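Below are a few notes to read alongside the predicted model.

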Amino acid sequence: MAGRSILHVDMDAFFASVEQREDPRLAGRPVIVGADPRGGRGRGVVAACSYEARRFGIHSAMPISQAFRRCPQGVYLPPRGALYQQVSREVMQLLQRFSDLVEPISIDEAFLDVTGSTLLFGPPRAIAESIREAVRTEQRLTCSIGIAPNKFLAKVASDLNKPDGVTVVPEGAERRFLAPLPVRCIWGVGPRTEEKLARLGVRNIGDIWSRPRQFWCERFGKHGLHLWNLSQGHDTRLVQPHSGFKSLSHERTFGRDTDDLKHLEATILSLAEAVAKRLRNNGVGGRGVTLKWRWADFTSLTRQTTLPHPTDDARTIYQACLRLLRKLLPLEQKVRLVGVAVGRLEAPDRDGQPELFGEQAGRKRKLDESVDAIQRKFGRGIIKKARLLEHTDDEPRFSTFLEN
């Protein structure tokens, strides 16, 4: 894979920056996108925050109550998923002017392979500068860009000169670039792995090289080989255009922690319907179903299952989640948050869903499409299943993510 030029384009504080763009009065102010923290109503987390808010130690996924304690003078806004999606589509279309090989990996970031674009647009650094200028003038937003021989290095580089910066990793300088960086920069190294590595005296990526590859394979198995390869700057994955989102999810933070099983099941049904609707809107189905769970003490877990056929059917997703829920019973404590995600996306199998056959499948499909059309015109709350009418929590919080 020698000789490739990969760009990772990462929009700066995307949700918050869009809000500041839409309302010029917010320029220069700490903006926090998430639940309303006032009056005891806010029990969610920070979805995004401006750089002005980050100076107060606020970051994504922080409990909104904690953010409010740190910055009570901040501007707290609810997420506007439809707006962010529209801006994201416009940004992705902008990127496609510079390469046919554009791979969105979330709503606010994408890889570009510009190896074949240099004759038209100049060297990779010039392409990056052109992209930044186009984003600035056309969207009135900023982005940070990493340039490197592969995807891993480009993504790490884009994070080092934020906001509105460009970082270049020349071919042949991979190890020198990585050596001083903390090991948490490696994909897959979370807090637990970082702690294990620290006990081995490994804090920076260069420290990994003090032991041979075999040591890491024996110590961590396949993850050890992954750790070793990325520490060397090796990554052979190609930029895959039009791959789109690989996992769609919705989650809900309850107004009060709950152990009401009927309420939990109804919430999961609502989340399954929201995910299924977005699957249909994107023309895909998924085989991987994930149930996300957060206890009252903020401990989180996920449980996953694989379906025999890709689906965009809410009932199928819901039943898979119920099977996962049963494995968590009896409840250890009350529940703060629950989420539903569907991954391993591909074209949905209309005929292979085990619950729905023949004419029944066709009628169910037409019903789903009719409900989707009504909700698009009049709002999601205009039509609901009867068992959901008594549950008045806020609508599921929008989130879209990609598994690498």
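1. Let me start with Glu-133, which has 40% relative accessibility and therefore counts as partly exposed. Its salt-bridge partner is Arg-136, with the closest N and O atoms 2.9 Å apart. Arg-136 is also partly exposed, at 30% relative accessibility.

2. Another pair to look at is Glu-251 and Lys-292, whose side chains meet in a salt bridge (3.1 Å, N to O). This one links distant parts of the chain, with Glu-251 in strand β9 (residues 247-258) and Lys-292 in strand β10 (residues 285-295), 41 residues apart. Glu-251 is buried, with a relative accessible area of 8%, whereas Lys-292 is partly exposed at 25%.

3. Do have a look at Lys-155 and Glu-109 too: their side chains form a salt bridge (2.8 Å, N to O). Lys-155 lies in helix α7 (residues 151-158) and Glu-109 in strand β6, so the pair ties together parts 46 residues apart in sequence. Both residues are buried.

4. Strand β6 (residues 109-113) pairs with β5 in the antiparallel sense over four bridges, and the two strands form a hairpin with two residues between them. Within this pairing, Val-102 stands opposite Leu-112. Five of the five residues of β5 (residues 102-106) are buried, so this strand is largely enclosed by the rest of the structure.

Definitions and conventions: Residues are numbered from 1 along each chain as its sequence is written. This is a predicted model: local features need pLDDT of at least 70, side-chain atom pairs count only at pLDDT 80 or more; totals for chains, interfaces and linings use all residues. Side-chain values use heavy atoms; hydrogens and water are left out. Buried means under 20% relative accessible area, exposed over 50%, partly exposed in between (1.4 Å probe, protein chains only). Two strands pair if DSSP finds at least two bridges between them. A salt bridge is a side-chain nitrogen of Lys or Arg within 4 Å of a carboxyl oxygen of Asp or Glu.
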